[in-house]
Amino acid sequence: MAHALDEMSHADLLAGRIVELDGEPNFSPDGLAARSHAEYVEGDSLASMIMENLIAERIAIESYHEAIFCLGDQDPTTRRVLEEILARAAQHAENLVTLIKVIKDCRGSISQLRAAVCSPAHRPAAEQSISCAGAP
Ligand SMILES: [Fe+2]
């Protein structure tokens, strides 16, 4: 859930920057899907869903690196926005790798997985303030 909120905030940051540059953000679902660098792949298990998410996150990281490289010093404000999003995407990828390790440790048990994911030992410091309400 925290990742989803982060992704929405990234979209808001980018849309805000597009507006600042006198552009008009295109939120059309078809347009978003067509312009996406990653494709949507539905996993058939929790582990495969997380793995697909990790693949998409790494594609996004590569895309942000390319965009930052292409911008160079031409637009420092946009560059800072992209660097901020890139840093969060890298954190997301690290979190997903941790989740995959936790799943392997828990051998697929959802209740063990929830307990382990909600354990501070398995969460990066930045996310340890997130509530795990509802976890068994
Ligand atoms: Fe992300």
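**Why the helices and residues carry these labels**

Me: Why are H3 and H4 called roughly antiparallel to each other?

Reply: H3 and H4 pack at an angle of about 155°, and angles over 145 degrees count as roughly antiparallel (under 35 is roughly parallel, 65 to 115 roughly perpendicular, the rest oblique); the pair is therefore roughly antiparallel. Their axes lie 9 Å apart; axes are lines fitted to C-alpha atoms, for helices over the stretch in contact, and angles run from 0 to 180 degrees between N-to-C directions. The crossing is left-handed, meaning that the near helix is turned anticlockwise from the far one by less than a right angle (clockwise would be right-handed). By class, this contact has 22 nonpolar, four polar and four charged residues.

The model is predicted, with local features needing pLDDT of at least 70 and side-chain atom pairs counting only at pLDDT 80 or more, while totals for chains, interfaces and linings use all residues. Residues are numbered from 1 along each chain as its sequence is written.

Me: How do you know that H1 and H4 are also roughly antiparallel?

Reply: Helix H1 (residues 2–20) and H4 pack at an angle of about 170°, and by the cut-off already given they are therefore roughly antiparallel. Their axes are 10 Å apart. H1 contributes residues including His3, Asp6, Leu13 and Arg17, and H4 residues including Val81, Ile85 and His92; contact means C-beta atoms, placed from the backbone, within 7 Å. The classes are four nonpolar, four polar and three charged residues.

Me: Which residues make up the largest nonpolar core?

Reply: Ala56, Ala60, Tyr64, Leu82, Ile85 and Ala89 do. Such a core is a set of buried Ala, Val, Leu, Ile, Met, Phe, Trp, Tyr and Cys residues joined through C-beta atoms within 7 Å. Helix H3 (46–71) and helix H4 (76–106) each give two or more residues to this core. Ala89 touches Glu57, Ala60, Ile61 and Tyr64, leaving aside residues up to four places away in sequence.

Me: What makes Asp22 count as exposed?

Reply: Asp22 has 6 C-beta neighbours inside 10 Å, and therefore counts as exposed: the term applies at 12 or fewer other C-beta atoms within 10 Å, buried at 20 or more, and partly exposed in between. Asp22 sits in the loop between H1 and helix H2 (29–35), and its phi is near 65°, a positive value in a residue other than glycine. Across the protein chain, buried residues make up 13% of the 136 residues.

Conventions
Helix = DSSP H or I, 4+ residues; strand = E, 2+ residues; numbered from the N terminus. Contact = placed C-beta atoms within 7 Å. Nonpolar A, V, L, I, M, F, W, Y, C, P; charged D, E, K, R; others polar.
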